[in-house]
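Please look through the sequence and the structure shown here before reading on.

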Amino acid sequence: MLWFHPAAGDDPFITLAPIADTWFIVHALLLPLFGLLGVALYVLLIGYQGLIATIGRIGIGIYLVCYLAFEAIAGIATAVLLRESRGLSTDQQEGVATVVEVIFMNPIDGVAGILALLGTVGNLVAVLAIAVLLRRSGAPAIPLVLLFGSPISIVAHGSTPTDAIGMLLFGLGIAWLEFGWAAPE
């Protein structure tokens with residue numbers, strides 16, 4: 001889905017208004033997929049106990065709550081605003097454009113930006129904890145490095161192909177760990 005993610009551009013209202021339906025579909029599909037990413041991270045922590053595992057699980061919780069909320073605001077809510085603005089007067093559309101601009105252009109000042117930042121940090125913390133635990137269990141370094149494609153993908157969200165490549169790297173790391181390495185029992 002990230003491969004088909006439209007870029008918001010310098011003027012998100014002008015760029016996204018004509019493709020609001022596509023923006024909606026992409027984000028409606030990304031919402032559960034980002035949720036499944038959290039599940040995948042959680043599964044990697046099954047069987048691990050202790051402080052690092054707990055920190056990883058907290059990171060996953062922060063990622064899930066914050067990043068999915070961000071996705072709902074910046075993706076789905078923005079698409080609904082854009083779709084509903086089609087029949088509005090020019091003045092009213094300018095008001096919607098201002099709201100959309102605030103969502104996209106003030107990433108740290110706005111609630112959506114703070115949620116994205118917290119969710120990204122949560123994902124990074126989880127991946128780091130997973131990498132440490134798996135390395136201690138003897139996992140090879142290369143697939144663990146590939147897992148960092150997940151936070152890279154989240155940071156690059158909306159900048160195809162970087163986001164899609166990051167998720168591909170994460171998937172390769174998971175596949176390598178699943179099929180090319182067996183955890184000691």
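## A charge over a ring

Arg83 is placed over the face of Phe24, at 5.0 Å from the ring centre. For such a placement, NZ of Lys or CZ of Arg must be within 6 Å of the ring centre and within 35 degrees of the ring normal.

The model is predicted, and for this reason local features need pLDDT of at least 70 and side-chain atom pairs count only at pLDDT 80 or more, while totals for chains, interfaces and linings use all residues. Residues are numbered from 1 along each chain as its sequence is written, and side-chain values use heavy atoms, with hydrogens and water left out.

## Overall form

The protein has eight helices and zero strands. Its elements, read from the N terminus, follow the order α-α-α-α-α-α-α-α. Helices (H or I, at least four residues) and strands (E, at least two) are DSSP runs, numbered from the N terminus. The C-alpha trace spans about 65 × 25 × 20 Å along its principal axes.

Of the 185 residues of the protein, 42% are classed as buried. Here buried means under 20% relative accessible area, exposed means over 50%, and partly exposed lies in between (1.4 Å probe, protein chains only). The accessible surface comes to about 9500 Å², and 71% of this area belongs to carbon and sulfur atoms. These areas come from the Shrake-Rupley method with a 1.4 Å probe, and for residues only the protein chains shown count as cover.

Among the contacts with a separation of 6 or more, 72% are accounted for by residues 24 or more positions apart. A contact means heavy atoms within 4.5 Å.

The protein carries 5 positive and 12 negative side chains, and the centres of the two sets lie 17 Å apart. Lys and Arg count as positive and Asp and Glu as negative, whereas His and the chain ends are not counted. The place of each charge is taken as NZ of Lys, CZ of Arg, CG of Asp or CD of Glu.

## The aromatic cluster

Three aromatic pairs are found in a search of the whole structure. Rings of Phe, Tyr and Trp (its six-membered ring) pair if their centres lie within 6.5 Å; planes under 30 degrees apart count as stacked, over 60 as edge-to-face and the rest as tilted. The pair of Phe34 and Tyr67 is edge-to-face because the ring centres are 5.2 Å apart and the planes stand at 85°. This pair links distant parts of the chain, with Phe34 in helix 2 (residues 20–45) and Tyr67 in helix 3 (residues 51–84), 33 residues apart. Phe34 counts as buried at 4% relative accessibility, and Tyr67 is buried with a relative accessible area of 1%.

Tyr67 also forms a tilted aromatic pair with Phe70, at 5.2 Å centre to centre and 50° between the planes. Both of these residues lie in helix 3, three residues apart, about one turn of the helix. Phe70 counts as buried at 15% relative accessibility. Ring pairs link Phe34, Tyr63, Tyr67 and Phe70 into a cluster.

Ser153 is located in helix 7 (residues 149–155). With a relative accessibility of 1%, Ser153 counts as buried. Leaving out residues up to four places away in sequence, Ser153 touches Leu2, Asp163, Gly166 and Met167.

Ile154 also has its place in helix 7 and is buried, with a relative accessible area of 3%. Beyond residues up to four places away in sequence, Ile154 touches Leu37, Tyr63, Tyr67, Thr120 and Asn123. Two of these names, Tyr63 and Tyr67, belong to the cluster linked by ring pairs.

## Partly exposed positions

Ala72 lies in helix 3 and is partly exposed, with a relative accessible area of 30%. Leaving out residues up to four places away in sequence, Ala72 touches Leu31 and Ala77. Val99 is found in helix 4 (residues 90–105), and Val99 is partly exposed at a relative accessible area of 40%.

| Residue pair | Separation in sequence | C-alpha distance |
|---|---|---|
| Ala72 and Ala112 | 40 residues | 9.1 Å |
| Ile154 and Asn123 | 31 residues | 8.4 Å |
| Val99 and Phe13 | 86 residues | 9.1 Å |
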